[in-house]
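These notebook entries record what I looked up in one structure. I begin with the term that the later entries rely on.

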Amino acid sequence: MQINLKINGVVHSVSVEPRVTLLDALRERIGLTGTKKGCDRGECGACTVHLDGKRVLSCTTLAVMADGREITTIEGLAHGDALHPLQEAFIEHDAFQCGFCTSGQIMSGVGCIREGHTHSDAEVAEFMSGNLCRCAAYPQIRAAILSAAKNGGV
Amino acid sequence: MNSFSYQRAATVDDALAAGADAGSAYIAGGTEMLNWLKEGIVSPARLTDIDRLPDLRRVQLTSEGLYIGALARMSEVAVNPDVQQNYPVVSQALLKSASAQLRNMASMGGNLMQRTRCPYFRAETELPCNKRRPGSGCSALDGEDRALAIFGGSEACIATHPSDVAVALAALDAVVLLQSREGNRRVPLVDFHLLPGATPERETVLRPSELVVGIHIPTTPLARRSLYLKLRERASYEFALVSTAVALDANDGRIQEVKIALGGVAPKPWRLAAAERALRGLDLEDLSALRGAVDQGFADARPGKQNGFKIELAARLVVRGLQQAGAMA
């Protein structure tokens, strides 16, 4: 099927089988490999992207379902060389070790901040529970999100 | 994943026409369907995407109650001010479900259609399971049954239903709104899911080509004093070991009427009807009387080898729920 995906502001016209997930379309067809494939079962959050502004899992979305919709991936957060405030905060707070979950954590964290679920460390933990970190950088991830939320601009 | 054809329905009529073909399945949010497709639990020839159907995403409060369109997202319903204010148990159950990303994707209708998390049913390498392959046997009966049903199971299946919000809806006497080419019908939520009996592969009363189009929660004086408690083995992002929805009408500290449903203990949301009757008129501060009445709801519990603890756990949770509901303004 021929579909149009508007990714990070650019329309990509691609031909995919209906069974191709949005995650595989991003990584294998379009070459945006910042979005990671962890469990591929909707359990780990590594593949989190924004679909029409909402954080969702690209591994449990078919690419054909996203036809005509707006997608933001980790590659779309920075403005040129200027990192997104949450990317800056992740560096400042040392919020990753191996980095595999990081793009999903940041995309989910931006959603968490925009939804307003950053009143406390516990609230951030609850609303970030869909993103697993095998290195257990959770305290630093929560600190980065709380600090970016406080500083604004997300 | 096997291949399939895909089409997007523009209207409910389109969807119903497409769904009438054998080998056809619907997809909405996709959070369940994608996993079923990947594990080979289902392999439809045609997938009909109903996600963009107009008018099925509304949440509306009327004098008769609350209407929730089948395509409303769990996250939207959870933070809807009318839901939070008038039906707190629904909002709480939703916010204790899944993760933020999944709640942004998953539809309310799809939530009711989700299937058991029994590990034998979901096994990546297929194991005997009468839901997955009718007649193949039940691996859980002789295997790990710690997370499985204490009510309503059969010789063929002891799986539990995983939904949280269905438990809240069951306590509020919600109705599932169904549409087919033959017309519309309304099914009480407590009758929507089937007990396994000898045919555990049949999980709901939904007929082929029939579509869940909405949920109606009637206006009830109990709904404002309602809550959802969930016990699980992680603090968040986990299915219930046991959960309870409690909706209470009390006067001067005495129970006028109460509705109680349990999750994580049965193949469907489980109403504790005997306990509800026994609790009427009791003093909310008389803990031993409350516990005695609640225990009447467990007379027909049939635990397996490892899950007997759920009886004590659930009974204590219900008592806690009654106390907390009683303390609500």
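I take a salt bridge to be a side-chain nitrogen of Lys or Arg within 4 Å of a carboxyl oxygen of Asp or Glu. The model is predicted, so I noted that local features need pLDDT of at least 70, that side-chain atom pairs count only at pLDDT 80 or more, and that totals for chains, interfaces and linings use all residues. Residues are numbered from 1 along each chain as its sequence is written, chains are lettered from A and ligands numbered from 1 in the order in which they are written, and side-chain values use heavy atoms, with hydrogens and water left out.

Entry: salt bridges overall.
I searched the whole structure and found 30 salt bridges over all chains. One of them joins E70(A) to K6(A), with the closest N and O atoms 3.7 Å apart. E70(A) lies in strand β5 (residues 70-72) of chain A and K6(A) in strand β1 (residues 2-7) of chain A, so this pair ties together parts that are 64 residues apart in sequence. For such elements I use DSSP runs numbered from the N terminus: helices are H or I runs of at least four residues, and strands are E runs of at least two.

Entry: chain A against chain B.
Which residues meet here I judged by contact, meaning heavy atoms within 4.5 Å. I counted 32 residues from chain A and 31 residues from chain B in the contact. For its extent I used buried area, the accessible area (1.4 Å probe) that two parts lose on being put together, summed over both. The two chains bury about 2,500 Å² between them, 52% of it on carbon and sulfur atoms. R19(A), R41(A) and M65(A) supply 26% of the area that chain A buries against chain B, more than any other three residues.

In one salt bridge, E39(B) pairs with R41(A), the closest N and O atoms being 2.7 Å apart. Three elements of chain A give two or more residues to the side that touches chain B: β4 (54-57), α3 (102-115) and α4 (121-127). The largest share of that side, 4 residues, comes from β4(A).

Entry: the two domains of chain A.
The contact takes 15 residues from domain 1 of chain A and 17 residues from domain 2 of chain A. The two domains bury about 1,200 Å² between them, 55% of it on carbon and sulfur atoms. H50(A), R55(A) and I74(A) supply 50% of the area that domain 1 buries against domain 2, more than any other three residues.

How many salt bridges are there between domain 1 and domain 2 of chain A? I found 1 salt bridge. R55(A) forms a salt bridge with E115(A), and their closest N and O atoms are 2.8 Å apart.

Entry: a hairpin in chain B.
I count two strands as paired if DSSP finds at least two bridges between them. Strand β6 (residues 175-180) of chain B and strand β7 (residues 183-188) of chain B pair in the antiparallel sense over 6 bridges. They form a hairpin with 2 residues between them. Within this pairing I located L177(B) in a position opposite R186(B) of β7(B).
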